[in-house]
Structure formats: C-alpha cells, structure tokens
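Please look over the sequence and the structure shown below before reading on. The paragraphs that follow begin with the chain as a whole and then turn to its strands, its loops and a few side chains.

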Amino acid sequence: MEKTWYDEKVDVLNVRLKEGDYWKSVELSDGVILDVAKDGSILSIEILRASKAFSGDLSKVIEKAKAFVV
C-alpha cells in the first residue's frame with residue numbers, strides 16, 4: 001500500500017492502494033469514492049464521513065486496512 005491518511009478536519013479516510021495513470025473517480029453509495037486507473041484497477045479508496053462509517057477507534061481501522069492490502 002502506498003499511503004493511508006485520515007483528515008479529521010473534513011472526516012475523510014483515504015487508502016492509497018497503488019500508483020498508476022489516473023482515469024476517473026467513481027462515487028459509490030454512502031460516500032465511498034474509488035479512483036480508477038486507465039487499466040481499470042483501483043488506485044485508491046476514499047471514505048467521506050469516515051467517523052460515521054466506522055464504529056470505534058479510526059486508527060485501529062486504518063492499521064487493520066494496512067494489514068489486508070498487499
């Protein structure tokens with residue numbers, strides 16, 4: 001994984017999966033946005049209103065997400 005960050009001010013969690021040639025963003029339901037590469041792979045996942053999407057400590061969610069993305 002390239003980079004994971006959380007911006008508490010705007011309540012956004014971003015999980016960067018890999019680098020690539022950006023093509024477009026696709027907004028899914030409930031404030032989840034996928035950045036897609038020209039080859040169709042997912043570059044990053046952005047979660048708006050992240051504190052509402054996860055219960056508990058957000059830093060634990062980020063650490064667990066890092067363990068699952070290779």
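Of the 70 residues in the chain, 27% count as buried, where buried means under 20% relative accessible area, exposed means over 50%, and partly exposed lies in between (1.4 Å probe, protein chains only). This is a predicted model, in which local features need pLDDT of at least 70 and side-chain atom pairs count only at pLDDT 80 or more, while totals for chains, interfaces and linings use all residues. Residues are numbered from 1 along each chain as its sequence is written, and side-chain values use heavy atoms, with hydrogens and water left out.

The predictor's confidence in each residue is given as pLDDT, from 0 to 100; its mean over the chain is 83, and 76% of the residues reach 70 or more. Confidence is highest in strand β3 (residues 22-27), at a mean of 96, and lowest in helix α2 (residues 58-68), at 64. Where pLDDT is low, the predicted coordinates should not be read in detail.

The secondary structure consists of two helices and five strands, arranged along the sequence as β-β-β-β-β-α-α; helices (H or I, at least four residues) and strands (E, at least two) are DSSP runs, numbered from the N terminus. Two strands are said to pair if DSSP finds at least two bridges between them. Strand β1 (residues 3-7) runs antiparallel to β2 and is joined to it by five bridges, with Asp7 standing opposite Val12 in β2. Strand β2 is also joined to β5 by five bridges, again in an antiparallel arrangement, and here Val12 stands opposite Leu48 in β5. Strand β2 (residues 12-16) is mostly covered, since four of its five residues are buried.

Between β1 and β2, which form a hairpin with four residues between them, Asp11 in the turn has a positive phi of about 60 degrees. Asp11 is buried, with a relative accessible area of 14%. Asp30, in the loop between β3 and β4, also has a positive phi, near 60 degrees, in a residue other than glycine, but Asp30 is exposed, with a relative accessible area of 68%. Most residues other than glycine have a negative phi.

The loop between β4 (32-37) and β5 (42-48) holds Ser41, and Gly40 lies in the loop between β4 and β5 as well. Which residues does Ser41 contact, leaving aside its neighbours within four places in sequence? Ser41 is in contact with Lys18, Asp35 and Val36, contact meaning heavy atoms within 4.5 Å. The side chain of Ser41 makes a polar contact of 2.9 Å with the side chain of Lys18 and another, of 2.7 Å, with the side chain of Asp39. A polar contact is a pair of N or O atoms within 3.5 Å; within protein, one must be able to donate a hydrogen and the other to accept it, and residues adjacent in sequence count only if both atoms are side-chain atoms. Ser41 is buried, with a relative accessible area of 19%, whereas Gly40 is partly exposed, at 47%.

Finally, a search of the whole structure finds one salt bridge, that is, a side-chain nitrogen of Lys or Arg within 4 Å of a carboxyl oxygen of Asp or Glu. The side chains of Arg16 and Glu19 meet in this way, at 3.5 Å from N to O. Side chains of opposite charge can pair when their charged atoms come close.
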